[in-house]
Amino acid sequence: MVVLLLTRPETLEIVNLAVVKEYRQQGIGTYLINYSLEWARNKQVKVVEVGTGSTSFNQLYLYQKCGFRVIGIDSDFFVKHYEKPLFENGLQLRDMLRLHQYL
């Protein structure tokens, strides 16, 4: 599943990307990202953005493999916007990394 949102003129954000656990590592995430980039090109979008957790190692690898570059850090995003602490890969999830790709 992928959810896309036009956030500003000529800017699209991938706000959610999910693959059912038993179907991961089969290229589905890459397919969904490439589909999103092609959809954006067809809509004359110039920039595609995404945010993911700083402890989301697999997701960070996937986005970078697909051509996204880190452009910023939203410090304490997950602390400020979630009632309970979140943990991922044995670490508390605190910061959101922002990535983008120019088309």
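Trainee: In which helix do Glu38 and Arg41 both lie, and how many residues apart are they?

Mentor: Both belong to helix H1, three residues apart, which is about one turn of the helix. Helices are DSSP runs of H or I with at least four residues and strands are runs of E with at least two, numbered from the N terminus. The model is predicted: local features need pLDDT of at least 70 and side-chain atom pairs count only at pLDDT 80 or more, while totals for chains, interfaces and linings use all residues. Residues are numbered from 1 along each chain as its sequence is written, and side-chain values use heavy atoms, with hydrogens and water left out.

Trainee: What makes the contact between Glu38 and Arg41 a salt bridge?

Mentor: The term requires a side-chain nitrogen of Lys or Arg within 4 Å of a carboxyl oxygen of Asp or Glu. The closest N and O atoms of Glu38 and Arg41 are 3.6 Å apart, and the pair therefore qualifies.

Trainee: Why is Glu38 called partly exposed?

Mentor: Buried means under 20% relative accessible area, exposed means over 50%, and partly exposed is in between (1.4 Å probe, protein chains only). Glu38 has 40% relative accessibility, so it falls in the middle class. Arg41 also has 40% and is partly exposed as well.

Trainee: Which salt bridges link distant parts of the chain?

Mentor: The search of the whole structure finds five salt bridges. One of them joins Arg8 and Glu49, at 2.8 Å from N to O. Arg8 is in strand S1 (residues 2-8) and Glu49 in strand S3, 41 residues apart. Another joins Arg98 and Glu13, at 3.2 Å from N to O. Here Arg98 lies in strand S7 and Glu13 in strand S2, 85 residues apart. Arg8, Glu13, Glu49 and Arg98 are linked in a network of salt bridges.

Trainee: Are Glu49 and Glu13 buried or exposed?

Mentor: Glu49 has a relative accessible area of 10%, so it is buried. Glu13, at 16%, is buried too. Arg8, by contrast, has 46% relative accessibility and therefore counts as partly exposed.

Trainee: Why is Ser36 called buried, and which residues does it touch?

Mentor: Ser36 has 0% relative accessibility, so the label buried applies. Ser36 sits in helix H1 (residues 28-42). Contact means heavy atoms within 4.5 Å, and Ser36 touches Val2, Leu4, Leu12 and Ile14, not counting residues up to four places away in sequence.

Trainee: Where is Thr30 found, and which residues is it in contact with?

Mentor: Thr30 is found in helix H1. With neighbours within four places left aside, Thr30 is in contact with Leu62, Lys65 and Cys66. The C-alpha atoms of Thr30 and Cys66 are 7.1 Å apart, although the two are 36 residues apart in sequence.

Trainee: What makes Met1, Val3, Leu5 and Val15 a nonpolar patch?

Mentor: Patches consist of residues with over 30% relative accessible area and no salt bridge; like charges are joined within 9 Å, and nonpolar side chains (Val, Leu, Ile, Met, Phe, Trp, Tyr) within 5 Å. Together the four residues have about 330 Å² of accessible area, by the Shrake-Rupley method with a 1.4 Å probe, where for residues only the protein chains shown count as cover.

Trainee: How do you know that the radius of gyration agrees with a compact globule?

Mentor: The radius is taken over C-alpha atoms, and the globule rule is 2.2 Å times the number of residues to the power 0.38. For 103 residues a compact globule would have a radius near 13 Å; the chain has 14 Å, which agrees. The chain has three helices and seven strands, running β-β-α-β-α-β-α-β-β-β from the N terminus on.
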